[in-house]
Amino acid sequence: MTQKVIVFDFDGTIADTVDALISIANRLATEFGYKQITPEQLAYLRNLTSREIIKYSGVSLLKIPFLLKKVKSELKNKIHEFHPIPGIKEALTELKNQGYKLGIITSNSKENVTAFLTNHDLDNLFDFIYSGVTIFGKTTIINNVLKQKQLSTQAVIYVGDETRDIEASRKANIKVVAVTWGFNSPEVLSKQKPDFLIHHPSELLDVVQNC
């Protein structure tokens, strides 16, 4: 039997960084020409797809890579403040103990992710970390990982908290588990028709075993 590889998004899926990302986004609003996010707007944005959020913000697609670079730079200074999603450490440990290979594909920097994992004794659980630079570039990164690691699409399952994770996984022809504890709401995630929709990390093992 082919060993299954479980690939995770980082922000909002493993690390509880959503509030910090909103705070950083608000500080950068004037520089990049969009409105600050109020609590009411945040509730609205959680129900939009990633593409709808970009359209709603009015930020030029040409500016997105520069915005992401600035956000990652600011996150570096806060990485010591972040905590794992409650229950995710136990779930990751159980998956590893059951013989699954674990990896991370993220738009955050590899440096930030590695520092976080080390801070919380999670670094020994992951076989690889890949960092991407564009907001909609995950399909390419997933395909590159599949090629470099010589993995079949049937062996890989992606776990993420945003609609773009579902979109990228579908385009890469791999199964996707959407989690409701991150950025996007359960409602908008469900509309994107992920293979599985879960509400707590404790559900991960059962879902993976049934893929």
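This is a predicted model: local features need pLDDT of at least 70, side-chain atom pairs count only at pLDDT 80 or more; totals for chains, interfaces and linings use all residues.

Let me begin with a term: buried area is the accessible area, taken with a 1.4 Å probe, that two parts lose on being put together, summed over both. By that definition, domain 1 and domain 2 bury about 1,800 Å² between them, with 56% of this on carbon and sulfur atoms.

The domain assignment places residues 5-16 and 84-210 in domain 1, and residues 17-77 in domain 2. Taken over C-alpha atoms, the centres of the two domains are 21 Å apart. At their interface, 26 residues of domain 1 are in contact with 20 residues of domain 2.

How many residue pairs are in polar contact between domain 1 and domain 2? The count is 10, with both residues of each pair at pLDDT 80 or more. On the side of domain 1 that touches domain 2, the elements giving two or more residues are α7 (110-119), α9 (163-171) and α10 (186-191). Of these, α9 gives the most, with four residues. By class, the residues on this side of domain 1 divide into six nonpolar, 12 polar and eight charged.

S185 sits in the loop between β5 (175-179) and α10. Its side chain meets that of N47 in a polar contact of 2.7 Å. Apart from neighbours within four places in sequence, S185 is in contact with R46 and N47. Is S185 buried or exposed? Its relative accessibility is 8%, and since the cut-off for buried is under 20%, S185 counts as buried.

I turn now to the salt bridges. Side chains of opposite charge can pair when their charged atoms come close. The rule used here finds 10 salt bridges, and two salt bridges cross the interface of domain 1 and domain 2. R51 forms a salt bridge with E167, with 2.6 Å between the closest N and O atoms.

E111 and K76 also form a salt bridge, at 3.3 Å from N to O. E111 belongs to helix α7 and K76 to helix α5, so this pair ties together parts that are 35 residues apart in sequence. K76 is partly exposed, at 46% relative accessibility.

Another pair is K96 and D127, whose closest N and O atoms are 3.1 Å apart in a salt bridge. This pair links distant parts of the chain, 31 residues apart: K96 is in helix α6 (residues 88-97), and D127 is in the loop between α7 and β3. Both residues are partly exposed, K96 at 25% relative accessibility and D127 at 37%.

In the salt bridge of E81 with K78, the closest N and O atoms are 3.7 Å apart. E81 is partly exposed at 42% relative accessibility, and K78 is partly exposed at 21%.

Salt bridges that share partners also join D9, K138 and D165 into one network. D165 lies in helix α9 and is buried, at 1% relative accessibility. Beyond residues up to four places away in sequence, D165 touches D9, K138, Y158, G160 and V176.

Which residues of helix α1 (residues 18-27) are buried? They are V18, A20, I22, I24, A25 and N26. These buried residues pack against α2 (29-32), α3 (39-45) and α5 (64-76).

In strand β6 (residues 196-198) we find F196, which is partly exposed at 24% relative accessible area. F196 and V177 are 19 residues apart in sequence, yet their C-alpha atoms are 4.7 Å apart in space. Leaving aside neighbours within four places in sequence, the contacts of F196 are V176, V177, A178, V207, N210 and C211.

Finally, a remark on the backbone. Most residues other than glycine have a negative phi. D121 has a positive phi, near 55°, and K193 also has a positive phi, near 55°. D121 is in the loop between α7 and β3 (128-131), and K193 is in the loop between α10 and β6. D121 is exposed at 53% relative accessible area, and K193 is exposed at 65% relative accessibility.

Thank you for your attention.

Notes
Residues are numbered from 1 along each chain as its sequence is written. Side-chain values use heavy atoms; hydrogens and water are left out. Domain bounds come from an automatic or database domain assignment. Contact means heavy atoms within 4.5 Å. A salt bridge is a side-chain nitrogen of Lys or Arg within 4 Å of a carboxyl oxygen of Asp or Glu. A polar contact is a pair of N or O atoms within 3.5 Å; within protein, one must be able to donate a hydrogen and the other to accept it, and residues adjacent in sequence count only if both atoms are side-chain atoms. Ala, Val, Leu, Ile, Met, Phe, Trp, Tyr, Cys and Pro count as nonpolar, Asp, Glu, Lys and Arg as charged, and the others, Gly among them, as polar. Buried means under 20% relative accessible area, exposed over 50%, partly exposed in between (1.4 Å probe, protein chains only).
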